[in-house]
Each structure stands twice: as C-alpha cells, then as structure tokens.
Amino acid sequence: MRHFDQIILAAAMFRLFLSSLYLSARLWFSTLVSPVREGRSLLGALLIALVWPLFVALQLIQWLGFALDEIFFPGWRKVQVREPIFVVGPPRSGTTHLHHVLAQDSTATTFRLWECIFGLSVTSRRLSEALVRLDGTLGGFFARTLGGIGRRLSRGVEDVHPLSLTAPEEDFLAMLLPVQCFILVVVFPNAGWLWQIARLDREVDAEQQSRLMSFYKACVQKHLYVYGSEKRFLSKNASFSGSPEALLKAFPEASFLICDRDPLRTVPSQLSSVEPALRLSGFNEIPVAVRQRFIDLLAFYYDHLERFAREHPGKSVIIENSDLHDHLAESVIAAYQHLDLSLDAAFEQSLRIADEQSRSFRSAHSYRLADFGLSEEGVRASFPGVYAHADAD
C-alpha cells in the first residue's frame, strides 16, 4: 500500500511539473499582449518578459531538487506532521506579527524566506548548508553581498511587510513552484486560476485540491526532515484563509489561529500593499475591476473563516488585532490552552517580552480609503456579514 501511495504522489508531482511549465508559458505569452488587452505599460510588459524566464529557470532547478530527493533523501516520506499550527486571517490583520512571535518557540519550526524561494527540496537545503560553510571559511563575502541585495530590494516595503531572507515568511510562496501562488496576481491580475486558488475550498475541484495539498504537505515533510520531525510545524499564510478545510483534511491534527481586524482597516491597507507591485508591473493605478476583486476576496475570507471557526470550535481560535497589540501574551496563552497545545516556560517568557514590545509598536504604514476611491459606507456594504455580527454584539 505504501509503495502504491508513493507512485500516486510521484504521478501527482509530475503532473504539477508539466502544469507549471504550461502555466508559466501561458503567463509569459499573456504579458506580450497585455499592453493592448490589460492596459499595462510597454515598459512594464518588457520588464516582466525579460525577468520571467529567469524565474522559470529557478523553478526548474527547484524541480530538479525534488527529483534528487527521491534518490538521496527518500526518508522524507516517512516524516509525520504532528499538531501543526496554521496562522490565517485576512491580509493586514496581524498575521505577520503573530507568526514572528510564535516562531520564537524553540519547539516549533517555520519556513524562512530563502527556503521558500531557493530551498524547498532537501537537496537544495543540504547544498545551501555546504555553501554557507564554505562561504564562512572565505570570510562571508557572499553572505554580505546577498544581505546587501536583500536590503536594497526591500527598501520602500519595510513599513508594509518587513523582508529578510532569513526571517520567517509565508510558506504559500512554496506554491510558486507549481505556479499556484496567489501573490502572482499582483503581476498577472487577470490570471483567473490565481483568483480561484485564493478560494480553494469553494472554487477548486476535489482532485486539484488533493494534488496541491499533497505537494504542500510534501514541502512541509521535507522541511521537518531537515529540521527535526519532533518539531511542531508553524505556518502563516493570509492566502490560506480560503483553504482551511483543505488544510484540515491534509493535516487532521492541525490547529488554526485566525487573526481578525475591522475591514475599514484591512481594505485600504491591503490595496496600499499591492499597489507598488502593480505599478512596477506596468499599471499606473489599481484597475477598478482588480480593486473590486480584492475587496470581494477579502469579504469571502471574513465569511469563510467565521464559518470555519464556528464549525470547528476545538480546532480554531479567533484573535482580534487589537488584542495582538494590547494583550499579546494573554491572547496567545489562552489560545494554546483552548487548543490543548503545549507551551514551555522559555516560550512563555518570550511572549511576555514580545507583549511589552507590541504595546509600544506603531506602524509607519499609512493609508486612507479615499486614496482608492472608497468610502466607509461602501466598505460596510461590501462586508454585510461582518457588520451584521458587530451590530448584533
């Protein structure tokens, strides 16, 4: 039976590999006609057309690493994913802050940005470790160079989302490999399947869900194979807010920490965070249709997560953004107790320290509804479920 399961997984991986090549080619060709069909600038289209083949080359190297894992590190298949924690919630609701705090738990492990982009396979991680050791003997030149490049690339976005190759990051970036990562929508806003992936539980058929979850679970198993199968896996993905049911099916022992925040804050913050990428991609402003798609998606996230929490009370806890700011330690400890998750003394002490820092934090990210042609009344009308619950309370 185990051998049969391995064949099924290998077939699913190969199918995703072929699909990734097709989707990559489709996106590249769509870029060539986007100035006419989508209103993208010629300069933006040219930039994407030149950079995209480099992205595809990197993805091919990643796929090669997956193939080599089957030869050199087949033991990853035996790894059991026990009691993983998934931090989800509408974008800009505090998921990044909570993720970074939970990542201080020494009994947990989470993806770092460099692993999501370069090190999904065990082979690539082992090779990277060897290169880091070699660089260390040479004085750390390449580490300093990469650090400098990373700091330059992150300039202008630190207030929106802090970036560092070695910092905990959203592992939905692993889905870049099969070209099923929602973040690509800021470069290709008219790729319909990317919007469907964001609503995985509702708009993707069971067979495709199974393939994507099998791929993601394999990435998690490979991660634990490297860092220790006894570790608790920690994930944070705002874009997984549309797929908690699929995640729970793939990881039956999973617990979900759901961040929540007033849409009057998340809507302009989300639009403000995607606007720079859309401008770099050749759009002078967020197209009206794309803006509405983001708002509709956020409304779906709120409703879907509220329903999921109601249907799985023993598996999920909702944490308000204000509590993350003013009562961080108390909120996390209460959530762990509700979910029957262990919490050691060292981590609890880390929570106390983070609690003090959180109370004094003030974000430099500024945004207004009016900047995007929106009003408070319009936003409230787009989130009837949220404000119906608020009025009832």
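1. Helices (H or I, at least four residues) and strands (E, at least two) are DSSP runs, numbered from the N terminus. The model is predicted: local features need pLDDT of at least 70 and side-chain atom pairs count only at pLDDT 80 or more, while totals for chains, interfaces and linings use all residues. Residues are numbered from 1 along each chain as its sequence is written, and side-chain values use heavy atoms, with hydrogens and water left out.

2. A nonpolar surface patch is made of Leu-43, Leu-46, Leu-47, Leu-50, Val-51 and Leu-280. Together they have about 620 Å² of accessible area, by the Shrake-Rupley method with a 1.4 Å probe, where for residues only the protein chains shown count as cover. Patch members have over 30% relative accessible area and no salt bridge; nonpolar side chains (Val, Leu, Ile, Met, Phe, Trp, Tyr) are joined within 5 Å, like charges within 9 Å. Helix 2 (residues 42–72) gives the largest share, 5 residues. Val-51 sits in helix 2 and is partly exposed at 44% relative accessibility. The classes are buried (under 20% relative accessible area), exposed (over 50%) and partly exposed in between (1.4 Å probe, protein chains only).

3. There are 21 aromatic pairs. The rule takes rings of Phe, Tyr and Trp (its six-membered ring) with centres within 6.5 Å; planes under 30 degrees apart are stacked, over 60 edge-to-face, the rest tilted. Trp-195 and Phe-294 pair edge-to-face, at 5.1 Å centre to centre and 70° between the planes. Trp-195 is in helix 7 (residues 192–197) and Phe-294 in helix 12 (residues 288–311), so the pair ties together parts 99 residues apart in sequence. Both Trp-195 and Phe-294 are buried.

4. Tyr-216 and Phe-240 are also edge-to-face: 5.2 Å centre to centre, 85° between the planes. Tyr-216 lies in helix 9 (residues 206–227), Phe-240 in the loop between strand 3 (232–236) and helix 10 (244–250). Tyr-216 is buried at 0% relative accessible area, and Phe-240 is buried at 8%. Lys-217 lies over the face of Phe-251, 5.9 Å from the ring centre. Here a charge sits over a ring if NZ of Lys or CZ of Arg is within 6 Å of the ring centre and within 35 degrees of the ring normal.

5. The structure holds 16 salt bridges, each a side-chain nitrogen of Lys or Arg within 4 Å of a carboxyl oxygen of Asp or Glu. Glu-207 pairs with Arg-15, their closest N and O atoms 3.2 Å apart. Glu-207 is in helix 9 and Arg-15 in helix 1 (residues 2–37), so this bridge ties together parts 192 residues apart in sequence. Glu-207 is partly exposed at 48%, as is Arg-15 at 45%.

6. Lys-236 and Glu-170 meet in a salt bridge at 2.7 Å, N to O. Lys-236 is in strand 3; Glu-170 is in the loop between helix 6 (141–154) and helix 7, 66 residues apart. Both Lys-236 and Glu-170 are buried.

7. Disulfides number 0, the criterion being a pair of cysteine sulfur atoms within 2.5 Å. For Cys-116, the nearest cysteine sulfur is that of Cys-219, 9.0 Å away. Cys-116 is buried at 2% relative accessibility.
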